[in-house]
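Me: I have a structure open and would like to learn how to read its packing. Please take me through a few features.

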Amino acid sequence: MSETATTATGPAPAVYVPSAEALGTVLAPGARPPRPTALSASLTFGWRAMLKIKHVPEQLFDVTAFPIIMVLMFTYLFGGALADSPRDYLQFFLPGIMVTSVVMITMYTGVGLNTDIEKGVFDRFRTLPVWRPAALVGMIFGDVLRYVLAALVILGVGLALGFRPGGGLLGVLAGIGLLVVFSFAFSWVWTFFGLILRSEKSVMGVSMMVLFPLTFLSNVFVEPATMPGWLQAFVKVNPVTQLVASVRAAMSGTSDASSMMWTLLWSAGFVVVFGTLTMYRYNRR
C-alpha cells in the first residue's frame, strides 16, 4: 500500500505504508530463544579463540617451536655441568621447563585481549545479551588448548631424549592437570594488564618483567639449597617454585602435599584477586 501526497511543487514521492497483514507476519508472536547459560556462552567464545588459531596457524609457533628450543637448549647447555649427563639432568629438569614454557605462554592472553579491545571487538561483545564475563572466560578457555598442546610437545621431546616419568601415565596426567589449573588462574593476571595497558607491546613488556624473575628465580634449573640464603627466601615463596615442586613430584610418582596445597591456594588467589579486578575494569571501560 502506498500514499501520494501533493505539494506546492507537484506530487510528492510515494511513501510505502505496510499493511497490517505484513506487519503481523514480520512481528508474529513466538517463543523467544532461551538466554544462553554462562557455561554455553563461555564455551562459544572459547570456540572463537580456537577458530582464530585455525585461520592464523602461525599462532601455534609459541606452543610448538618455542618449547622444543627451550628443552634442547637448556638440557644440553646445563646437563653436563649440573648432572652426570644431559639425560640424568632431564629427569630433574623436564617438569620445570614444562612449567616455565607454559607459564610464559599465558602472557599472550593479555596480548590477545588488548588487541581485540583496540580493534573494538569487545565493545560489540559487551552489547550482547549474554553473561558479561563470558567473553573473557571463553578467551581463557580457548588458551587452555594452547597450554595442553605445549605441555604435550615438551613431554614428547623429553621422552625422545630419555625422560622417563616414574609416576607413569597417571602421574603425567596429574602433573599436566596441576599445570593447566595454575595457568588458567594465572592468565587472569594478564587479562587485567591487557585491560589497563594501552598497547600490546606494553603488555608484553610488563609480562616479561614479571615472568623472568618468577621462572628463573625458582627451582626449575637447580635445587634452591645451592642458592644464597637471601635468594632462597624469595624462591621458597615463589608460586612457580611450588608449582614445579608439585608437578615434579606427581611425574616422579611421589607426592608433595605442601607444594600442591600452595599451588592450589595461589591459583585460587589469582582468580579471586585478578578476576575481580579484571571484571571491575572491564565493566567500567
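**Rings and helices**

Reply: This is a predicted model. Phenylalanine 270 is a place to begin: its relative accessible area is 9%, so the residue is buried, the cut-off being under 20%.

Me: How is a pair of aromatic rings described?

Reply: The distance of the centres and the angle of the planes describe it. Here the count comes to 21 aromatic pairs. One of them joins tyrosine 89 and phenylalanine 92, with 6.4 Å centre to centre and 35 degrees between the planes, a tilted pair. The two are 3 residues apart in helix H4, so about one helical turn separates them. Tyrosine 89 is buried at 3% relative accessible area.

Me: Which geometry does the pair of phenylalanine 186 and phenylalanine 270 have?

Reply: Edge-to-face, because the planes are at 65 degrees, with the ring centres 5.1 Å apart. Phenylalanine 186 is in helix H8 and phenylalanine 270 in helix H12, so this pair ties together parts 84 residues apart in sequence. Phenylalanine 186 is buried too, with a relative accessible area of 4%.

Me: At what angle do helix H8 and helix H9 pack?

Reply: At about 150 degrees, with the axes 10 Å apart. H8 is therefore roughly antiparallel to H9, since the angle is over 145 degrees. The crossing is right-handed. H8 contributes Phe186, Trp190, Phe193 and Gly194 to the contact, while the residues from H9 include Val203, Val206 and Leu214.

Note on methods: Residues are numbered from 1 along each chain as its sequence is written. This is a predicted model: local features need pLDDT of at least 70, side-chain atom pairs count only at pLDDT 80 or more; totals for chains, interfaces and linings use all residues. Side-chain values use heavy atoms; hydrogens and water are left out. Axes are lines fitted to C-alpha atoms, for helices over the stretch in contact, and angles run from 0 to 180 degrees between N-to-C directions. Helices (H or I, at least four residues) and strands (E, at least two) are DSSP runs, numbered from the N terminus. Angles under 35 degrees count as roughly parallel, over 145 as roughly antiparallel, 65 to 115 as roughly perpendicular and the rest as oblique. A crossing is left-handed if the near helix is turned anticlockwise from the far one by less than a right angle, and right-handed if clockwise. Contact means heavy atoms within 4.5 Å. Rings of Phe, Tyr and Trp (its six-membered ring) pair if their centres lie within 6.5 Å; planes under 30 degrees apart count as stacked, over 60 as edge-to-face and the rest as tilted. Buried means under 20% relative accessible area, exposed over 50%, partly exposed in between (1.4 Å probe, protein chains only).
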